[in-house]
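Please read them with the coordinates open.

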Amino acid sequence: MKIKKTVEELDPYVPGRSIYEIATLYNLKPEEIIKLGSNENPIGPSPRAVEAVKNSLNDMNRYPESDLSDLIREIAAYSEVRPEQVLVGGDGADEILDVLGKTFTEPGDEFIVPLPSYMYYEFTLKIHGAIPVFAQWDVDNNQLDVDSVLEAITSKTRLIFLCTPNNPTGGLIDKEDIQRVLDNTEALVVVDEAYIEFSGTDNVELLNDYENILILRTFSKVLGLAGMRIGYALASPEIIQHMYRVKPVFSLTKLSYVAALATLQDKGYLEHSRKASVDSREYLYQGLEEFSNLRVFRSYANYLLVDVRRTGMDSAQITEELMKRGVIVRNCSSFRGLDDYWIRVSVGTIAQDQRFLEILKDILEQI
Ligand SMILES: Cc1ncc(COP(=O)(O)O)c(C=O)c1O
């Protein structure tokens, strides 16, 4: 038996820690744990989505629809594009990354990722035999080093990932910088807008002017459905048609389908969800700013990146102390491009942020 070389050599992806895992490890009650590690939506799903799922439970014996036109129409309206510009994925935006690998890369082709950024690009694309070429995100100024992206382009570049707001730094990419990249390559530029609703801007209008752009989105963040695993892509009809050829046909479950549709129809939830997160982000930012030994970065997403090196502890020690006390944040030491002194804290409810800040204060006073 011979395992594929790209799989044999692959470093495993390190996901955020789960509530169940931490409850078991530290003998805590799951309901007491505050999870600020995976940029989920702390207010819960839309009640209409919950109702829709309940009403569909008895259809579980049937395969999902392969025709997703209702949902596609709804996503198109929400995103202000035409339905033929939409592809829906059933394992979140992560599935779409895999479909991009299948559709656009041959073994030996290159893809560009500015560092630090979302680690799943590298993980997924490598499985397809594609080779990462790293550019830079200027962390101090929290902006893309666009020249480093342009310099990384070669005749083998097939995909360029631009994450805006960037995970884990929270900075936005200027539209002009995205255009500069688009103007200087024939590769597909993937603009990852997983967190775009928290930023008050977007890049959809670029779809009118460029053929080589794809916008990646998810239902896991502002739309509150991380557990239902729904993602979507916006691009030209030609790109979308080719991607549909290789996308797993039934990957979007029936329950995810009805939950997604009901959420988009719940305008009150959409507005409340966005506003609650933006308000709470400001609260959390102000709270973290008060610690003289932390450096916190302004963010346009639902998380904040924090440099902890002046505390005398590294990120592993701080995350461990927080977990013992029932708070999960992301230790960023597995993020390529960051060293061992960074944590990423997701925005919770204001009550959760407050509790986190109190616990952090206790920990930092003890050293
Ligand atoms: C930047 C970015 N892109 C894509 C994703 C994948 O989202 P999904 O849950 O839809 O797979 C995430 C998830 O955290 C992310 O942070």
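The points below go from domains to core, helix pairs and backbone.

1. **Ground rules.** This is a predicted model: local features need pLDDT of at least 70, side-chain atom pairs count only at pLDDT 80 or more, and totals for chains, interfaces and linings use all residues. Residues are numbered from 1 along each chain as its sequence is written.

2. **Domains.** The chain splits into domain 1 (5-44 + 268-366) and domain 2 (47-266). These bounds come from an automatic or database domain assignment. Taken over C-alpha atoms, the centres of domain 1 and domain 2 are 24 Å apart.

3. **Domain contact.** 32 residues of domain 1 are in contact with 25 residues of domain 2. Contact here requires C-beta atoms, placed from the backbone, within 7 Å of each other. On the side of domain 1 that touches domain 2, the elements giving two or more residues are α1 (5-8), α12 (267-289) and β11 (303-307). The largest share of that side, 7 residues, comes from α12. Helices (H or I, at least four residues) and strands (E, at least two) are DSSP runs, numbered from the N terminus.

4. **Core.** The largest nonpolar core has 101 residues. The residues with the most contacts inside this core are Ile160, Phe161, Leu162, Val189, Val190 and Ala233. A nonpolar core is a set of buried Ala, Val, Leu, Ile, Met, Phe, Trp, Tyr and Cys residues joined through C-beta atoms within 7 Å. Why does this core lie between domain 1 and domain 2? Both domains give residues to the core, so it lies between them.

5. Phe161 is found in strand β6. Phe161 is buried, with 25 other C-beta atoms within 10 Å. The cut-offs are 20 or more other C-beta atoms within 10 Å for buried, 12 or fewer for exposed, and partly exposed in between, with C-beta atoms placed from the backbone. Leaving aside neighbours within four places in sequence, Phe161 is in contact with Phe111, Ile112, Val113, Ser117, Tyr121, Val190 and Asp192. Val189 touches Ile160, Leu162, Val181, Leu182, Asn212 and Ile213, with residues up to four places away in sequence not counted.

6. **α13 and α14.** Helix α13 (residues 315-324) packs on helix α14 (residues 350-366) at about 120°, with axes 10 Å apart. That angle makes α13 oblique to α14. The axes are lines fitted to C-alpha atoms, for helices over the stretch in contact, and angles run from 0 to 180 degrees between N-to-C directions. Angles under 35 degrees count as roughly parallel, over 145 as roughly antiparallel, 65 to 115 as roughly perpendicular and the rest as oblique. Ile318, Glu321 and Leu322 of α13 meet Ile359, Leu360 and Ile363 of α14. The crossing of α13 past α14 is right-handed. Handedness is right if the near helix is turned clockwise from the far one by less than a right angle, and left if anticlockwise.

7. **α5 and α6.** The axes of helix α5 (residues 92-104) and α6 come within 9 Å and cross at roughly 40°. The two are therefore oblique to each other. The contact uses Asp94, Leu97, Asp98 and Gly101 of α5, and Tyr120, Tyr121, Thr124, Leu125 and Ile127 of α6. α5 passes α6 in a right-handed crossing.

8. **α3 and α11.** For helix α3 (residues 47-56) and helix α11 (residues 254-265), the axes come within 8 Å and cross at roughly 150°. The crossing of α3 past α11 is right-handed. Residues in the contact include Ala49, Ala52 and Val53 of α3 and Leu255, Val258 and Ala262 of α11.

9. **Cis peptides.** Most residues other than glycine have a negative phi, and most peptide bonds are trans. Please inspect two bonds. Leu115 to Pro116 is cis, with omega near -5°. Pro116 lies in the loop between β3 (110-115) and α6 (120-127). Thr164 to Pro165 is also cis, with omega near -5°. Pro165 sits in the loop between β6 (157-163) and α8 (175-183).

10. **Positive phi.** Glu80 has phi near 60°, a positive value in a residue other than glycine. Its loop runs between α4 (69-79) and β2 (86-89). Phi of Arg229 is near 60°, a positive value in a non-glycine residue. Arg229 is in the loop between β8 (213-218) and β9 (231-234). Which is Glu80, buried or exposed? Glu80 is exposed, with 11 other C-beta atoms within 10 Å. Arg229 counts as buried, with 20 C-beta neighbours inside 10 Å.

Definitions and conventions. Two residues are in contact if their C-beta atoms, placed from the backbone, lie within 7 Å.
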